[in-house]
Amino acid sequence: MAEMDDANETYAHFHAGERLLTGGNVAQAIVRLEKARRLDPDKSSIRETLGRAYYAVGRWPDAEVEFRAIIERYPTDDYAHYCLSRALWKMGRDAEAATHLRLARAMRPPDQRDFTLWV
């Protein structure tokens, strides 16, 4: 029963964080998403949304951590490579950013190669 409570709590924090991020309340979204990540650190959807929130407020090193965690677990996640490239670029690490952007574009089907960092 405790596992179900944790799952419900994780789900509640994650979806509240998504709504807050979509609504432009990024700082509040980060609080909820960090709670969700603490409860389920292996969930890529949580880490991606948290990474996007960090990116939105200029916390690029924190965004890098989130996107690298996804890539470590799922090396072929093209969107995580793309988001990581954007965070690295913001930190002035252009060569590294270019590598991840090339990987992202190579992995994505040709008709879907226009990426957007949703915030």
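1. The chain contains 6 helices and 0 strands, and along the sequence these elements follow the pattern α-α-α-α-α-α. The model is a predicted one, and the points below should be read with that in mind.

2. For the chain as a whole, 39% of the 119 residues count as buried. Among contacts with a separation of 6 or more, 45% are accounted for by residues 24 or more positions apart.

3. Helix α4 spans residues 60–73, and its 14 residues reach 20 Å from the first C-alpha to the last, which is close to the 20 Å expected at 1.5 Å a residue. The buried residues of α4 are Ala63, Glu64, Glu66, Phe67, Ile70 and Ile71. These residues lie on the same side of α4, because they cover an arc of only 165 degrees around the axis. As a general point, an α-helix has 3.6 residues a turn, so residues three or four places apart point the same way.

4. Two packed helices are described by the angle between their axes and the distance between the axes. Here, the axes of α4 and α5 come within 9 Å and cross at roughly 155 degrees. Angles over 145 degrees count as roughly antiparallel, and α4 is therefore roughly antiparallel to α5. The crossing in which α4 passes α5 is left-handed.

5. On the α4 side, this contact is made by Trp60, Ala63, Glu64, Phe67, Arg68, Ile70 and Ile71, while α5 contributes Ala80, His81, Cys83, Leu84, Ala87, Leu88 and Lys90. Of the α4 residues named here, Ala63, Glu64, Phe67, Ile70 and Ile71 are also among those listed as buried in that helix.

6. Helix α6 likewise has 14 residues, and it reaches 20 Å from its first C-alpha to its last, close to the 20 Å expected at 1.5 Å a residue. In α6, Ala97, His100 and Ala104 are buried, and they sit on the same side of the helix because they cover an arc of only 70 degrees around the axis. The face of α6 turned away from this buried side carries the exposed residues Ala95, Arg102 and Ala106.

How values were computed
Residues numbered from 1 in each chain as written. Predicted model: local features only at pLDDT ≥ 70, side-chain atom pairs only at ≥ 80, totals over all residues. Heavy atoms only, no water. Helix = DSSP H or I, 4+ residues; strand = E, 2+ residues; numbered from the N terminus. Expected span 1.5 Å × (residues − 1). Buried < 20%, exposed > 50% of the residue type's maximum accessible area, 1.4 Å probe, protein only. Arc of directions from axis to C-beta. Axes fitted to C-alpha atoms, helices over the stretch in contact; angles between N-to-C directions. Parallel < 35°, antiparallel > 145°, perpendicular 65-115°, else oblique. Left-handed = near helix turned anticlockwise from the far one by under 90°. Contact = heavy atoms within 4.5 Å.
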